[in-house]
Amino acid sequence: MIEHEPIQYDVLVIGAGGAGLRAAIEARAMGASVGLVCKSLLGKAHTVMAEGGVAAALSNVDDRDNWEVHFADTMRGGQYLNNCRMAELHAKEAPARVRELEAWGAVFDRSPDGRILQRNFGGHAYPRLAHVGDRTGLEMIRTLQDYAVHQEIDVHMECAVIELLTDGERVVGAFAFDRDRGTFKVFRTKAVVLATGGIGKAYRITSNSWEYTGDGHALAYRAGAALIDMEFVQFHPTGMVWPPSVAGILVTEGVRGEGGVLRNSLGERFMFSDIPPAYRNQTADNEEEGWRYTQGDKDARRPPELLTRDHVARCIVREVKEGRGSPHGGVFLDIAWIKERLPNAAEHIKRKLPSMYHQFKELADIDITEEPMEVGPTTHYVMGGVRVEADSQMTDVPGLFAAGECAAGLHGANRLGGNSLSDLLVFGKRAGEYAARFAQENSAREISRDHTARVARTALEPFDRSVDTDGAENPFEIQQDLQKMMQDQVGIVRNEHDIQAAVEGIGRLRERAERVAVSGNREYNPGWHTALDLQNLLAYSEAIARSALARKESRGAHTRLDYPDKDEKLGKLSVVIRKNSDGDLEVSWEPIPDIPEGLQRIIDARK
């Protein structure tokens, strides 16, 4: 049943990962009443999978680091498609957000002189990632959660939002259902912050957990907000490939940051054979120099395993396709080799990478202190998402804000490792602050009962169809077919024929989704949950495919075999996705604003 009196808040935050928690904390600090909706249990957020560290120019290990270098690295990694104002704010404010987290109780690893320790990561010029072994995201969630629960924030666990409610001009609420009880909830609110994370469950092999069905992307799109850069899906170079039951589980970049090297089946350290010109003068040319760099020697250079993620992933795919892969279709990641040069290497690895040691020991019966791991690319992150204004994080729809992975702009064509955690801290805070300001300046509006009744009827339609009727569809089968299609046709490397086939295939899957039938009742019904998720999965999968079809070049995480080179003109444009007046997906191009002269000088100085 729909509640007759909606639950009312000044600010409703949808998503309880790092971005959502930080937004809720800030909105509450501004005096707003805050409701926090999480699809799973509080604390089970994908932020915990971010293991390697949080990127911030603290300059604790190398005093040459500063916000300008971090800014330039982020822009270069994003192939200059980034929103430069977001990249500037991120680089400037990340150190303060990390120190704030420390003041709230986060326990970071320490340097010998007691400062927060920082490690190397792909694409970063200097050791920049503040970390807690390889459990940084877990420590961040623990700290934010512990802080938030004392701030009078109402938490609605195992609650999923189906639709944002608008009055034609701005967001006025949200329609949700309780996953456990099957009952509906209506939230009346002055402002909404989307912090729902990514889109990994549209792909067959992914590091993402079941919650990552692109809810925020789809909710914002249906409410009238624009999506940008959806063609840029990041495939993390190193996920587990064996055994099959754990394929895709993340193997942190911290392994390479601590000296791990990639080898093919011939024992070759293949990353040396394909180093982009922009990185050649900074890259180690032998194993010893690479290892010295990871130990903090300022004069050594970056090892090639720490190039940007899109580049490393493509190199791994090349080795596998050319017959130099590992037995199970990946390559070898070797951290055990450091015992040749480091006393007590086994203890060092266990101390620096405790989660990875236990992960491989328990799931694959491999001792990473003695033998290499088998790894391969896994769908990990989406750079694209809801377009937001840089300072406030508000979308095209008044009263609707977004932060974290479901928001776009900071990362451009490719995200640097560690920037996701500082992203959610910096822009989670900003989204919460400006959402609270919007709530202070605007009154609540009434919610249309006709609207909520219509959403409820649509949500319950799968129960109206019998699973035994000819033509009835199984929601799990549709999701599996979508995952295979996206993996095979809109994956790491793409071409016109495959992407077009995916666009047409998504259309057929949408027709099948209209015939989905589920049995049983509404109390914790996984079939019904999957049927509801399909609407979001299909919406953003089409956005990814249509954006990939439009961008006829290779740039960052988007690789087209039929257009292998960059197009200078397209390097100044973003692909924008909107819902048109007929309710159909519309693709357009919009110019990226010019970089201000002062920021351009910073970039030029680092080239």
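Predicted model: local features only at pLDDT ≥ 70, side-chain atom pairs only at ≥ 80, totals over all residues.
**Exercise 1.** How many cavities of 30 Å³ or more does the count come to?

*Solution.* Residues are numbered from 1 along each chain as its sequence is written, and side-chain values use heavy atoms, with hydrogens and water left out.

Next, the rule: on a 1 Å grid over the protein atoms alone, a cavity is a set of points where a 1.4 Å probe fits but cannot get out. Points are joined across faces, edges and corners, and the volume is the space filled by probe spheres set on them. The count comes to 6 cavities.

**Exercise 2.** Describe the largest cavity and its lining.

*Solution.* Start with volume: the largest cavity holds about 680 Å³ of space. Its lining (residues with an atom within 4 Å of a point) has 49 residues, and A45, H46, T47, G197 and Y212 are the closest to the centre. Sorted by class, 21 are nonpolar, 18 polar and 10 charged; here Asp, Glu, Lys and Arg count as charged, Ala, Val, Leu, Ile, Met, Phe, Trp, Tyr, Cys and Pro as nonpolar, and the others, Gly among them, as polar. Then the elements (DSSP runs: helices H or I, at least four residues; strands E, at least two): α11 gives the most, with 4 residues.

**Exercise 3.** What share of the chain is buried?

*Solution.* Apply the cut-off, under 20% relative accessible area with a 1.4 Å probe, protein chains only. Buried residues are 63% of the 607.

Note on methods: 1 Å grid on protein atoms, 1.4 Å probe; cavity = no way out; pocket = protein on both sides within 12 Å on 5 of 7 lines; lining within 4 Å. Buried < 20%, exposed > 50% of the residue type's maximum accessible area, 1.4 Å probe, protein only.
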